[in-house]
Amino acid sequence: MLKLQDVHASYGPVLALRGVSLEVPKGGIATVLGANGAGKSSTLRAISGLLHPSSGVIELDGQRIDRLQPERIVRLGISQVPEGRQIFTDFTVGENLRLGAYARNDRDGVRRDLERVFSYFPVLRERRGQTAGLLSGGEQQMLAIGRALMARPRVLLLDEPSLGLAPLVVREIFRIIKAINEEEGLTTLLVEQDASLALGVAQHGYVLETGSVVLHDSAENLRRDDSVRRSYLGF
Amino acid sequence: MDEFEEFAQQVVTGASIGSIYAIVALAIVMIYRSTSVVNFAQGELAMFTTFISWSFIQSLDYFWASFALTILVAFFLGGALEVLVMRPVEQAPHLNSIVVTLGLLAVFNSLAFWRYGPVPRAFPKPEILSGDPITVGSVTISQLNLGIIVIALLIMAALFGLFNYTKLGLAMRATAQNPVASRLVGINVSRMLALGWALSAAVGAIGGMLTAASLTLSVDMMVAILIFAFAGAVLGGLDSPAGAIVGGLGVGILQALAGNYISSQVDIMAAFVIIIAVLMLRPTGLFGRRVVRRV
């Protein structure tokens with residue numbers, strides 16, 4: 001289980017998180033919703049270690065991780081698919097996936113996981129030798145998710161997987177995210193602008209506003225509640 | 001000597017000085033591609049470590065042991081510079097870092113001048129490279145120059161192997177390309193940057209020692225070398241190690257040919273005219289990465 005308790009963090013003088021608390025139960029999907037600048041990405045960056053909290057506690061299965069560096073955190077089992085995908089554009093698709101498994105030493109396991117990633121994203125197998133920067137946006141997003149899976153995480157953090165993609169591609173990617181969660185019980189925290197999409201796959205939803213959680217409920221309740229929809233979710 | 005032999009002789013002569021340019025260019029490229037910073041102190045750092053190697057030779061009286069020891073010292077000095085001097089200014093704009101390298105240039109220049117003085121010293125050549133020149137057909141090359149070319153090839157092969165066939169090399173290349181993504185897959189980016197500086201300083205030290213062996217050891221010996229090495233690096237494409245080698249060799253050979261066929265007074269100018277022409281046609285250099293990506 002992933003748990004955040006009253007997490008504060010800032011970029012220099014700019015406060016990004018003002019006391020975020022949330023929980024993602026083992027095997028579940030939770031989503032963090034909110035407008036631009038509400039602190040969604042910062043929440044994920046705090047979990048993966050790219051942004052160090054100034055106070056508060058972040059725990060993975062009871063172990064505190066909020067003072068650790070990202071290279072340590074990925075070894076503990078948290079893998080982030082960053083905003084804007086951040087694939088290695090000059091490397092091949094294969095090299096990108098190999099780098100995803102950088103923190104691992106079990107060759108056989110890595111080979112199995114490569115097959116697993118190819119089974120979720122067959123197009124990556126076809127494009128294996130291609131330069132990643134030449135993939136379409138949707139394929140790049142698939143590669144970014146595949147790369148994160150190659151670390152064999154216990155928790156997957158997804159930052160706006162729908163960003164800049166055509167609706168059809170987005171639907172396909174969300175279908176796969178859901179499938180991975182269901183088949184492997186992979187705990188997933190999803191940050192998304194498109195609230196209806198996110199609440200469609202998640203069990204729990206958190207709404208962020210200027211760096212703190214203003215609303216937290218089951219995804220189903222959030223979806224149904226008209227006033228919530230109007231004031232926070234915009235659909 | 002017929003025309004072809006004369007040409008071949010100039011190419012061989014140019015290739016040996018060009019090998020030194022290539023080595024120093026490699027050192028420049030290794031830092032540039034991972035940090036986008038041109039290390040202007042590269043030459044003075046190489047000069048300074050060569051003085052250290054001179055001290056080793058004085059006390060050890062054995063060339064290759066001193067050679068190896070110097071590479072080791074340069075490696076740690078380079079790593080320490082990255083950690084202690086470059087890292088604190090890493091977040092600031094690149095120009096700050098570049099100015100800091102200019103500062104390091106001045107520091108190592110002054111230190112060497114203060115410690116070792118202005119008088120050039122003879123730098124001992126290893127015995128194995130001090131024999132009679134070797135002649136093939138009518139092309140002659142000194143053993144030292146041949147040794148320089150061989151050492152340059154060895155460095156190149158070692159780095160090629162490191163970058164392309166090891167996990168560490170892949171991690172270093174990944175760090176150069178996308179530091180944030182590298183951290184997220186578990187690469188210790190700080191360590192990779194320090195390692196880049198360390199390797200670069202070690203390679204530069206080899207360039208310095210070879211320069212001293214073929215000229216003399218002096219505080220200003222790397223000034224001209226750095227300019228040509230830099231030209232070679234730009235000609236090859238600043239982010240390409242293979243380009244650094246080809247560019248460095250190319251500059252050396254162009255310089256020799258221009259000196260022979262035009263006049264030794266204009267060899268530098270003629271070499272640069274050609275470099276400028278190449279860069280006009282290929283702004284990223286011969287091997288530089290043309291940024292191709294879909295967004």
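## A walk through chains A and B

Start by selecting chain B, which has eleven helices and two strands (DSSP runs numbered from the N terminus: H or I of at least four residues for helices, E of at least two for strands). This is a predicted model, where local features need pLDDT of at least 70, side-chain atom pairs count only at pLDDT 80 or more, and totals for chains, interfaces and linings use all residues. For your selections, residues are numbered from 1 along each chain as its sequence is written, while chains are lettered from A and ligands numbered from 1 in the order in which they are written.

**Chain B as a whole**

Colour chain B from its N terminus and you'll pass the elements in the order α-α-α-α-β-β-α-α-α-α-α-α-α. Its C-alpha trace spans about 60 × 50 × 35 Å along the principal axes. The radius of gyration of chain B is 19 Å, which agrees with the value near 19 Å for a compact globule of 295 residues (taken over C-alpha atoms, with the globule rule being 2.2 Å times the number of residues to the power 0.38). Of those 295 residues, 49% are buried (20 or more other C-beta atoms within 10 Å of the residue's own, with C-beta atoms placed from the backbone). Now for contacts (C-beta atoms, placed from the backbone, within 7 Å): among those in chain B with a separation of 6 or more, 72% join residues 24 or more positions apart.

**Stop one: H1 against H8**

Select residues 3-35 and 189-214 of chain B, helices H1 and H8. Their axes are 8 Å apart and the packing angle is about 165 degrees (axes are lines fitted to C-alpha atoms, for helices over the stretch in contact, and angles run from 0 to 180 degrees between N-to-C directions). H1(B) and H8(B) are therefore roughly antiparallel, the word for angles over 145 degrees. Their crossing is left-handed (the near helix is turned anticlockwise from the far one by less than a right angle; clockwise would be right-handed). The contact residues divide into 13 nonpolar, seven polar and no charged (Ala, Val, Leu, Ile, Met, Phe, Trp, Tyr, Cys and Pro are nonpolar, Asp, Glu, Lys and Arg charged, and the others, Gly among them, polar).

**Stop two: Trp197**

Stay on H8 of chain B and centre on Trp197(B). Is Trp197(B) buried or exposed? Buried: Trp197(B) has 28 C-beta neighbours inside 10 Å. Leaving aside neighbours within four places in sequence, Trp197(B) is in contact with Ile31(B), Gly78(B), Gly79(B), Leu81(B), Glu82(B) and Met86(B).

**Stop three: H9 against H10**

Next, pick residues 221-236 and 241-261 of chain B, where the axes of H9 and H10 come within 7 Å and cross at roughly 125 degrees. H9(B) and H10(B) are therefore oblique to each other, a label for whatever is not under 35 (roughly parallel), over 145 (roughly antiparallel) or 65 to 115 degrees (roughly perpendicular). This crossing is right-handed. Glycines to highlight in the contact include Gly232(B) and Gly236(B) of H9(B), and Gly243(B) and Gly247(B) of H10(B). By class, the contact has eight nonpolar, six polar and no charged residues.

**Stop four: over to chain A**

Switch to chain A, with its ten helices and ten strands. Its C-alpha atoms fill a box of roughly 50 × 40 × 30 Å along the principal axes, and 48% of its 235 residues are buried.

Where do the two chains touch? Here, 22 residues of chain A are in contact with 17 residues of chain B. On the chain A side, helices H2 (70-76) and H3 (93-100) are the elements that give two or more residues. H2(A) gives the most, with four residues. That side of chain A divides into eleven nonpolar, seven polar and four charged residues.

**Last stop: two arginines**

Finish with Arg85(A), in the loop between strand S6 (78-81) and H3 of chain A. Its phi is near 70 degrees, a positive value in a residue other than glycine, and Arg85(A) is buried, with 23 other C-beta atoms within 10 Å. Then jump to Arg152(A), in the loop between helix H6 (137-149) and strand S7 (155-159) of chain A. Arg152(A) has a positive phi of about 45 degrees and is buried, with 20 other C-beta atoms within 10 Å.

Technical notes:
Buried ≥ 20, exposed ≤ 12 C-beta atoms within 10 Å, placed from the backbone. Contact = placed C-beta atoms within 7 Å.
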